[in-house]
Amino acid sequence: MTISQQRNLQLLSIYNGYRILLAVLFLSATFTDLGQQLITFSNLPRFQMFSAGYALINILIVLLSNRASRRTHYFLVCCIDILLLTLLIFLSGNKSAVLGNLIIIAVAAGNVLVTGRAGTLLAAIATLGMLGNTLYFVVFQDTPAKGHINAGVLGILFFATAFGMQTLAGRLRRIELRSLEQQRQYQQLQQLNHSIIQRMRTGIVVIDEQQQVVLMNEAAAQLLDCSQRHGLLDNIAPQLSQRLKEWFENPTLMGDPFQVRPDTAKIQASFTQLDADGQHHLLIFLDDTLMVTQQAQQLKLASLGRLTASIAHEIRNPLGAISHAAQLMQESPQLPKSDLRLLEIIQNHSRRMNRIIENILQLSRRRASLTEQFQLFPWLEQYLEEHQLAEKSNTNIEFDAPQELSVHMDCDQFTQILNNLCQNGLRYSEMKTGQASLTLRVGIKGDSGHPYLDVIDQGPGVPEAMREQIFEPFYTTETTGTGLGLYISKELCEANHASLELLNSEQGSCFRITFAHPDKRIN
């Protein structure tokens with residue numbers, strides 16, 4: 001049912017109520033002693049029959065009105081009412097001056113419910129009824145002809161009422177349509193705002209004066225690690241409630257970041273007072289400090305990368321000359337063994353410096369990631385087969401992965417990441433156990449659904465004091481290392497919307513690559 005039909009049914013209900021009230025008044029006037037004393041009837045039994053019939057017809061119309069909502073039904077209801085009131089005027093001896101006002105109300109109601117020609121037809125029916133009554137009494141009852149004037153005036157009033165109510169109803173209908181359009185636009189805007197807020201990466205929480213949570217978007221629920229989004233803030237997020245109390249004590253103070261659990265991200269909260277429509281709400285923004293730190297680190301490293309790349313390029317030429325001169329000197333048969341040892345040291349360090357320069361230039365000239373989705377199990381099988389053929393020494397790599405698991409990665413960059421991790425793991429495993437061995441373990445995180453790949457070695461592990469710096473550039477514990485392998489691997493993971501982290505392990509080291517969600521669209 002449309003809005004217009006609902007409105008017409010409501011108007012018809014009001015009009016039916018008016019007609020029932022009118023029927024009750026007729027019954028009271030004709031069947032009670034008080035009514036008979038106030039009103040003198042020319043033929044009381046006839047009026048009593050009319051009152052009872054009028055009441056019965058109105059009751060039937062009310063019962064039928066609940067099941068009909070067409071224009072024809074509205075027209076018939078108003079037409080029957082006009083004919084009944086015209087009959088009442090006829091029974092009263094053509095007292096149109098008083099009872100004609102009731103017909104005006106019926107014509108007005110009809111032109112609100114039905115418009116156009118149907119409404120005008122109601123006015124015409126009422127006018128013909130009045131003229132017919134007057135003509136009957138003039139011809140058959142010898143009534144003075146001046147009754148024609150009253151009937152004519154009433155006819156003019158009927159048409160004037162019809163045209164006036166149609167104009168008013170049309171204006172109200174246009175206002176209603178504009179209101180409905182504005183309401184629809186408001187609802188669309190509200191849904192759009194809700195969708196934007198829910199998709200924002202910044203966590204948003206709105207609370208009222210009683211610190212009841214009014215709104216919490218998806219990012220805030222993930223940062224606070226809570227499934228309940230409505231209730232008292234102290235019950236949903238006690239740490240955030242504590243930061244709010246500190247902010248109330250000193251609004252100019254920026255609170256310290258907090259963690260919901262030791263394994264969750266650090267959250268920085270900021271608060272803003274909202275005053276709208278006499279209501280005092282508080283808007284809370286939640287930011288992941290790790291993302292902010294990473295963005296700042298990326299800007300710093302980008303500037304540093306451009307600088308180091310230009311420096312590396314300038315160093316490369318003299319370094320090549322030094323290495324070439326050392327090679328020529330080694331070919332001289334007259335050099336003593338002590339000098340040959342010094343030339344060997346020059347060559348070794350020249351090669352190390354060249355590897356550092358190659359890594360820096362590779363990092364600064366890194367192409368954009370061409371991310372694609374592929375099945376991880378067959379890809380790892382092929383990678384391990386090629387790795388075993390390329391390795392000269394005997395290596396042992398165990399592999400555990402589900403058959404059907406897809407990931408998003410750039411295959412070339414993924415190969416480079418695994419090469420760095422596997423070479424480090426095999427080397428440290430051989431240093432401790434004498435056997436170059438690794439374990440590759442694939443799984444899916446139960447809380448988020450993200451696939452992951454663990455590279456586990458049997459080496460001595462990473463000391464606790466070094467865990468914070470292990471992914472920093474140029475940080476190495478070996479004299480022959482460049483300190484860029486893990487840093488480049490981490491950068492390549494982040495370029496593919498993945499992450500690389502060092503997990504706590506009882507034996508050896510465990511580096512975990514967490515891939516983007518398989519259902520996430522990555523451009």
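Biologist: How do the residues lining the largest cavity divide into nonpolar, polar and charged?

Modeller: Four of these lining residues are nonpolar, two are polar and two are charged. The lining itself is made of Arg243, Glu246, Trp247, Asn250, Leu253, Met254, Gly255 and Phe271. Before we go on, note that this is a predicted model, where local features need pLDDT of at least 70, side-chain atom pairs count only at pLDDT 80 or more, and totals for chains, interfaces and linings use all residues. Residues are numbered from 1 along each chain as its sequence is written, and side-chain values use heavy atoms, with hydrogens and water left out.

Biologist: What makes a space count as a cavity, and how many cavities of 30 Å³ or more are there?

Modeller: On a 1 Å grid over the protein atoms alone, a cavity is a set of points where a 1.4 Å probe fits but cannot get out, and its lining residues have an atom within 4 Å of a point. Grid points are joined across faces, edges and corners, and the volume is the space filled by probe spheres set on the points. The count is one cavity of 30 Å³ or more, and the volume of the largest cavity is about 50 Å³.

Biologist: Which helix gives the largest share of that lining?

Modeller: That is helix α10 (residues 238–249), with three residues. Helices here are DSSP runs (H or I, at least four residues), strands are runs of E with at least two, and both are numbered from the N terminus.

Biologist: Why is Trp247 called buried?

Modeller: Buried means under 20% relative accessible area, exposed means over 50%, and partly exposed is in between (1.4 Å probe, protein chains only). Trp247 has 15% relative accessibility, so it counts as buried. Phe248 has a relative accessible area of 45%, so it is partly exposed.

Biologist: Why is the pair of Trp247 and Phe248 called tilted?

Modeller: A pair of aromatic rings is described by the distance of the centres and the angle of the planes. Rings of Phe, Tyr and Trp (its six-membered ring) pair if their centres lie within 6.5 Å; planes under 30 degrees apart count as stacked, over 60 as edge-to-face and the rest as tilted. The ring centres of Trp247 and Phe248 are 5.5 Å apart and the planes are at 55 degrees, so this pair is tilted. Phe374 and Trp379 form another tilted pair, with 5.8 Å from centre to centre and 35 degrees between the planes. The structure holds 14 aromatic pairs.

Biologist: How many disulfides are there?

Modeller: The count is zero. A disulfide is a covalent bond between the sulfur atoms of two cysteines, and here the rule asks for a pair of cysteine sulfur atoms within 2.5 Å. For Cys78, the nearest cysteine sulfur is that of Cys79, 8.7 Å away, and Cys78 is in no disulfide. Cys78 has 0% relative accessibility, so it counts as buried, and Cys226 is buried as well, at 16%.

Biologist: Where does Thr134 sit, and is it buried or exposed?

Modeller: Thr134 is in helix α6 (residues 117–140). Its relative accessible area is 3%, so Thr134 is buried. A polar atom of the Thr134 side chain lies 3.0 Å from the backbone oxygen of Met130. Phe137 is also in helix α6, and its 9% relative accessibility makes Phe137 buried.

Biologist: What is the phi of Gln211, and where is Gln211 found?

Modeller: Gln211 is not a glycine, yet its phi is positive, at about 60 degrees. This residue is found in the loop between β1 (203–207) and β2 (212–216). With a relative accessible area of 21%, Gln211 is partly exposed. His497, in the loop between α15 and β11 (499–503), also has a positive phi, near 60 degrees. At 41%, His497 is partly exposed.

Terms used: 1 Å grid on protein atoms, 1.4 Å probe; cavity = no way out; pocket = protein on both sides within 12 Å on 5 of 7 lines; lining within 4 Å. Nonpolar A, V, L, I, M, F, W, Y, C, P; charged D, E, K, R; others polar. Polar contact = N/O pair within 3.5 Å; in protein donor to acceptor, adjacent residues only side chain to side chain.
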